Amino acid sequence: RSPRAMTLSGPRLLLHAEGLVVLIATAVAYGKLGASWGLFALLFLAPDVAMLGYLGGRTVGAWAYNALHTYLGPALLAAVAAALDAPGLYPFVLIWFAHIGFDRLLGYGLKYPSAFKDTHLHRV
């Protein structure tokens, strides 16, 4: 098998598909909320501001990027929204989840401090 064929099979393919499912599910849920699609478009790439952490070096950059690109963050925000009965936070939760799903769909994963292109999915 060629290296290209191996990269498009098995666990990697499942991780990309998982990202697609998260992106679609959050977009559908966002539509059901009736929140502003303008807000969605405005904030969709907001988690990528974490890449500025790389100005502080690879370790700081990887930490900052990962902090905003793991499902833990939006899940915690959803828990806070539920605990505080703050439904106004749910659009932000869904936008954040959608961004992460989109990144996973494209093959961008959590970063290792060795290099920006070294991710938990593969080397980009």
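Trainee: Let's start with the axes of H5 (residues 72-83) and H6 (residues 90-106): how are they placed?

Mentor: They come within 9 Å and cross at roughly 165°. Axes here are lines fitted to C-alpha atoms, for helices over the stretch in contact, with angles running from 0 to 180 degrees between N-to-C directions. Helices (H or I, at least four residues) and strands (E, at least two) are DSSP runs, numbered from the N terminus. By the way, this is a predicted model, where local features need pLDDT of at least 70 and side-chain atom pairs count only at pLDDT 80 or more, while totals for chains, interfaces and linings use all residues. Residues are numbered from 1 along each chain as its sequence is written, and side-chain values use heavy atoms, with hydrogens and water left out.

Trainee: What makes H5 roughly antiparallel to H6?

Mentor: The crossing angle is roughly 165°. Angles over 145 degrees count as roughly antiparallel (under 35 is roughly parallel, 65 to 115 roughly perpendicular, the rest oblique). So H5 is roughly antiparallel to H6.

Trainee: Which residues make that contact?

Mentor: With contact meaning heavy atoms within 4.5 Å, H5 brings Gly73, Pro74, Ala75, Leu77, Ala78, Ala81 and Ala82, and H6 brings Tyr90, Phe92, Val93, Trp96, Phe97 and Ile100. By class, that's 12 nonpolar, one polar and no charged residues.

Trainee: Next, the loop between H5 and H6, where Asp85 sits. Why is Asp85 called exposed?

Mentor: Its relative accessibility is 65%. Exposed means over 50% relative accessible area, buried under 20%, and partly exposed in between (1.4 Å probe, protein chains only). So Asp85 counts as exposed. Its phi is near 50°, a positive value in a residue other than glycine.

Trainee: Why do Phe40 and Phe44 count as buried?

Mentor: Phe40 has a relative accessible area of 10% and Phe44 has 13%, so each falls under the 20% cut-off.

Key: Ala, Val, Leu, Ile, Met, Phe, Trp, Tyr, Cys and Pro count as nonpolar, Asp, Glu, Lys and Arg as charged, and the others, Gly among them, as polar.
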